[in-house]
Number of protein chains: 2
Amino acid sequence: MQEKLNTLKSKLKDITNLQKAAAVLIWDQEVNMPPGGAEARAEQLATLQKLSHEMFVSDEIGVLLGDLAQVDFDYDSDDAALIRVTRRDYDKTRKLSTELVEEMSRTFALGQHVWAKARQNKNFAEFQDTLAKVVDLNIQAAEAYGYDECLYDALLDDFEPNMKTSEVRTVFDELKATLVPLVAQISERVDAVDNSLLQQNYPNQAQWDFSMVALEAIGFDLKRGRQDKSTHPFSISFSVNDSRVTTRISEDTFPSSLFSTLHEGGHGMYEQNIGQSLDGTPLAGGTSLGVHESQSRMWENILGRSQPFWQFYYPQLQNAFPDQLGQADMNQFYRAINKVEPSLIRVEADEVTYNLHVFLRFELEQELLEQRLKIADLPAAWNAKMEEYLGLTPPDDALGVLQDVHWSGGMMGYFPTYTLGNIMSVQFYNQTLKEIPDLPQQFARGEFGALLSWFTENIHQHGRKYTANELLKRVAGSDTIDAKPYLGYIQQKFGEIYNL
Amino acid sequence: MQEKLNTLKSKLKDITNLQKAAAVLIWDQEVNMPPGGAEARAEQLATLQKLSHEMFVSDEIGVLLGDLAQVDFDYDSDDAALIRVTRRDYDKTRKLSTELVEEMSRTFALGQHVWAKARQNKNFAEFQDTLAKVVDLNIQAAEAYGYDECLYDALLDDFEPNMKTSEVRTVFDELKATLVPLVAQISERVDAVDNSLLQQNYPNQAQWDFSMVALEAIGFDLKRGRQDKSTHPFSISFSVNDSRVTTRISEDTFPSSLFSTLHEGGHGMYEQNIGQSLDGTPLAGGTSLGVHESQSRMWENILGRSQPFWQFYYPQLQNAFPDQLGQADMNQFYRAINKVEPSLIRVEADEVTYNLHVFLRFELEQELLEQRLKIADLPAAWNAKMEEYLGLTPPDDALGVLQDVHWSGGMMGYFPTYTLGNIMSVQFYNQTLKEIPDLPQQFARGEFGALLSWFTENIHQHGRKYTANELLKRVAGSDTIDAKPYLGYIQQKFGEIYNL
């Protein structure tokens, strides 16, 4: 049986290496690639994904998994986890034909360039045919996967394993019931927080330098990772020991580059702290996008938009930007970076309105995939929902329906995980606070090691060994995702800021 | 038969895509990768190379090639070239076992990191075991390939197809007979050329900016390529439309970064100007390293170290470095960048002594591979030859035997192609001068388009369709490689500078 296990591992290693090679190609595509390279890159990615798919869905792997199912491994062992996670992946992946996988890969790689150009030209029409193809391929994939309750379940499951659309809808409805009126309430007193000090010119290089300082300070290991710039910030991992993050710097939207860095750094540290024994195996990754996002949102928001963090870093920030911040005190800055204001762009939204952007996408995706909404009517539907949730109408498609890269890259069913991540971030963080009550005092001294260690110990090191629900149960004392702690956090923080 | 051809093409496309993916991973490794990533990267490359090897040497491809050999394609057609080049590659590659290919890939990827560290520590002993393994793997490969005259033939053939070691020795002996006494003669009047104006501090950023200007000016298409920095300058191509070059900037060895850029730019333009119809096929590459090097050396030396080039660019260079060059006239600068002086580092050597560095490596490689020289004795043998050819003894291994990346990357039999390239560069260039006599006048106006067009038309566009000898015959009126034009060029140029 040991021999069968070794054979399985050796096959999975090649497959993982192909997938990691594809990740390098994707990273390069977003960070470095000259425009001329797009077409060939799409072909290269299609080949890598086709081959890794073919190798993975081979009958031989099915037989190995079947044989190994007989063995009674300790549930918590790496081997047991490898077999159960691979079994799940295998059963799902085998449902997609190699042709469909190849077609998806090629379409999605080229789609990002079509989208980037359409966005530049603020013209949805240029992206419409590509999106139609993306929706169609996603429908094909969902039908191939199969589902019980609704088609969207099949896609969501790729990003948030085992989560059902109906469960998401339940927590989202709970959030909506509190957040929509809260946003409306705050909108009435929008002038209570003045963020004009952020609306100055913050030079590019100084922003970059500060983001590098912060990235290293929170514990991102630059010997096993690096930061670059890209149009859309993202993180990706080629190995536990090679994790890449990107940020985007704009001189007049301070400090969004820093928050991008903290956000992607949170993702990157999750990947860096996966156990070395899992490197190069299918277990070396985040267990779900929601859990991944819980890490990025924690470092970005719970930490990066908190008073203790800035107690330590604000003097350094003032040194980096003496003309812009020399006259403002820490409290002014803290309030400014936490100003709640309905806005057009999801990635620049504050903590409270952010989730409304997610609700909008979650709902529109379902309408598109269930073909209740025509692609051509999407911009109008988008704008109507923006008006409904946030009271705003995008002046053009770039600030509306074209703002996100996800659909162009083929990802539908992904957006809800952002809000699931917000919710879980507080579930986990509240537990760390219980166990290490002086965390805020540590942050105020610029010490983040205890926080990172807790997450490494309880979450990161396990990679994909445990599901999101298992992690919640093991370390956060919850049976499942629970919106209440998050709502409590939001109400307390913003109640204080807005004196509600 | 058309169907068989299509099947072959489709299989070759996947294989090429795997190889190009590996190229992206190698580029990233040299340009971006954090040190932690080395081990996983070596594994990823090993998988890509193992799979592309397995796919290529499959019996099925052999059968297809056999069947297609029956068809009477026009020799000059893409299809005929694809079949004959693939046949040659196939017959060679099938001789290597998949295990050997995988072992080579892993050893060579890790070898570069061992070498880089050993070089940093100036300590050959740290690299010795790796080099022993590299030599052993090369011997295994050569024995597997087979050879008539000598083992070195089998390796040389990988880089300079069909070239024999004995032919190389003949041209090298002819060069040696002229160059060694010439270097000695110039060494006696080394003070005739003063290059002290280069021995000032030239700021990094201004060097980079000027190199980007020059790269674009000579015709490198930045929409289909890019330049970065790396420890050892190199060029690599992921597609006809995505060609990467690197340079290395040192503030006190001006203008070596510029010459690196011109050199790698020459390689890069060869790759960029291969016919679009060949992109993604095995024909999309240089036909031999010697021909490739003829391009890089032409742009670096025949052009970049010429009077006409600097007639145009020297005023711009003075603007970029007013403190350093404001007081020196163009002729002083021209003489300075052409100073001949025995030195320790090949890549920084002048045009005349450069070849002596190659002779040394060509000879030592043969001794190592024929096991006439023990690895442990290599540094001493290196130093003895440096003394013999250049009258110098390296003060440490970093400036001696550890200076080149090639061996650590597994490449043995590669070095001679540098001098073969020097020789061919003049064979080709003399022909362009015959056809476009006012080229130097064009250069003096900053116009390089006609030169690049000639090479695109006569050499670049064909990729690997014609061998080096076929190209020499078709476009340069020579039956084979010929040292005389190159010696004539050297004697004229340096006779003038040194008043010999």
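Copies are superposed by least squares on the C-alpha atoms of residues with pLDDT of at least 70 in both. On that basis, chain B can be laid on chain A with an RMSD of 0.0 Å, by a turn of 180 degrees and a shift of 0.0 Å along the axis. That is the relation of a two-fold axis.

Some conventions come next. This is a predicted model, in which local features need pLDDT of at least 70 and side-chain atom pairs count only at pLDDT 80 or more, while totals for chains, interfaces and linings use all residues. Residues are numbered from 1 along each chain as its sequence is written, and chains are lettered from A and ligands numbered from 1 in the order in which they are written.

Let me turn to the interface. Counting residues as in contact if their C-beta atoms, placed from the backbone, lie within 7 Å, chain B and chain A contribute 32 residues each. On the side of chain B that touches chain A, two or more residues come from each of helix 1, helix 2 (38–56), strand 1 (225–229) and strand 2 (235–239) of chain B. Helices here are DSSP runs of H or I with at least four residues, and strands are runs of E with at least two, numbered from the N terminus. Helix 1 of chain B gives the largest share of that side, eight residues. Of the interface residues of chain B, 100% are also interface residues in chain A, so the copies meet through the same surface.

Within chain B, helix 1 (residues 2–31) packs with helix 3 (residues 59–68) at an angle of about 140 degrees, their axes 10 Å apart. Axes are lines fitted to C-alpha atoms, for helices over the stretch in contact, and angles run from 0 to 180 degrees between N-to-C directions. In this contact, B:Lys4, B:Leu5, B:Thr7, B:Leu8 and B:Lys11 of helix 1 meet B:Ile61, B:Leu64, B:Asp67 and B:Leu68 of helix 3.

Finally, the sheet of chain A. Three strands form an open sheet in the order 1-3-2, with mixed pairing; two strands pair if DSSP finds at least two bridges between them. The edge strands are strand 1 (225–229) and strand 2 (235–239) of chain A. Strand 2 and strand 3 (residues 242–247) of chain A pair in the antiparallel sense over four bridges. Helix 1 (residues 2–31) of chain A packs on this sheet, touching strand 1, strand 2 and strand 3 of chain A.

Terms used: Two residues are in contact if their C-beta atoms, placed from the backbone, lie within 7 Å.
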